[in-house]
Amino acid sequence: MFDHVSIGVADIGRSRKFYDAAFKPLGYARLSDGDTSLGYGDKAVGLWIGAASKPVKADMESGLHFCVAASDRAAVDAFHAAALKAGGKDNGKPGLRADYGPKYYAAFVIDPDGYRIEAYCGK
């Protein structure tokens, strides 16, 4: 359905460090790099990150989050560890979420701007 999603951030350098680290275990890379924007994906950019003077304020009760696909459970685990090491905050350790489905394995982090990011594997 979506071709891409764009988010605004307060510090593009801080976001570059975070997303480079968090997405690497998932097989996603920075495909576009500029002073004011970054693009991440595998074959094409699916997530654009742009410097913004007024990024959307984080709201833990908004329900907004972005879920990215992981090839296997080990990638979910590695995503979580890398994201925390790169300045993210834990929002749900890697594990099965039986209430979502019998094979729903996911981890949740909060990026430096407060966006909630999930990595998911259904195997």
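**Close-up views of side-chain pairs**

View A. The structure has 0 disulfides, a disulfide being a pair of cysteine sulfur atoms within 2.5 Å. This is a predicted model, in which local features need pLDDT of at least 70 and side-chain atom pairs count only at pLDDT 80 or more, while totals for chains, interfaces and linings use all residues. Residues are numbered from 1 along each chain as its sequence is written, and side-chain values use heavy atoms, with hydrogens and water left out. Cys 67 is partly exposed at 41% relative accessibility, whereas Cys 121 is buried at 1%. (Buried means under 20% relative accessible area, exposed over 50%, partly exposed in between, with a 1.4 Å probe and protein chains only.)

**View B. The salt-bridge network of Arg 16, Asp 20, Arg 30 and Asp 33.** The whole structure holds 5 salt bridges, each a side-chain nitrogen of Lys or Arg within 4 Å of a carboxyl oxygen of Asp or Glu. Asp 20 and Arg 30 meet in one of them at 2.5 Å, N to O. Asp 20 belongs to helix α1 and Arg 30 to strand β2 (residues 29–33), so the pair ties together parts 10 residues apart in sequence. (Helices, H or I of at least four residues, and strands, E of at least two, are DSSP runs numbered from the N terminus.) Arg 30 also forms a salt bridge with Asp 33, with the closest N and O atoms 2.8 Å apart. Relative accessibility is 26% for Asp 20, 30% for Arg 30 and 47% for Asp 33. Salt bridges that share partners join Arg 16, Asp 20, Arg 30 and Asp 33 into one network.

**View C. The salt bridge of Lys 93 and Asp 90.** The closest N and O atoms of this pair are 3.3 Å apart. Lys 93 is exposed, with a relative accessible area of 55%, and Asp 90 is partly exposed at 34%.

**View D. Aromatic rings around Tyr 19 and Tyr 40.** There are 8 aromatic pairs in the whole structure. (Rings of Phe, Tyr and Trp, the last by its six-membered ring, pair if their centres lie within 6.5 Å; planes under 30 degrees apart count as stacked, over 60 as edge-to-face and the rest as tilted.) The ring centres of Tyr 19 and Tyr 40 are 5.9 Å apart and the planes stand at 45°, so this pair is tilted. Tyr 19 lies in helix α1 (residues 12–23) and Tyr 40 in strand β3 (residues 37–41), so the pair ties together parts 21 residues apart in sequence. Tyr 19 is buried at 0% relative accessibility, and Tyr 40 is buried at 2%.

**View E. The aromatic pair of Tyr 100 and Tyr 104.** This pair is edge-to-face, with 4.9 Å from centre to centre and 90° between the planes. Tyr 104 is buried at 18% relative accessibility.

**View F. Surroundings of Arg 97.** Arg 97 sits in the loop between β6 (89–96) and β7 (105–110). Arg 97 is buried yet has no salt bridge, and the nearest side chain of opposite charge, Asp 99, is 6.1 Å away. (Lys and Arg count as positive and Asp and Glu as negative; His and the chain ends are not counted.) A polar atom of the Arg 97 side chain lies 3.1 Å from the backbone oxygen of Ala 106. Neighbours within four places in sequence aside, Arg 97 is in contact (heavy atoms within 4.5 Å) with Gly 92, Tyr 104, Ala 106 and Phe 108.

Notes:
Polar contact = N/O pair within 3.5 Å; in protein donor to acceptor, adjacent residues only side chain to side chain.
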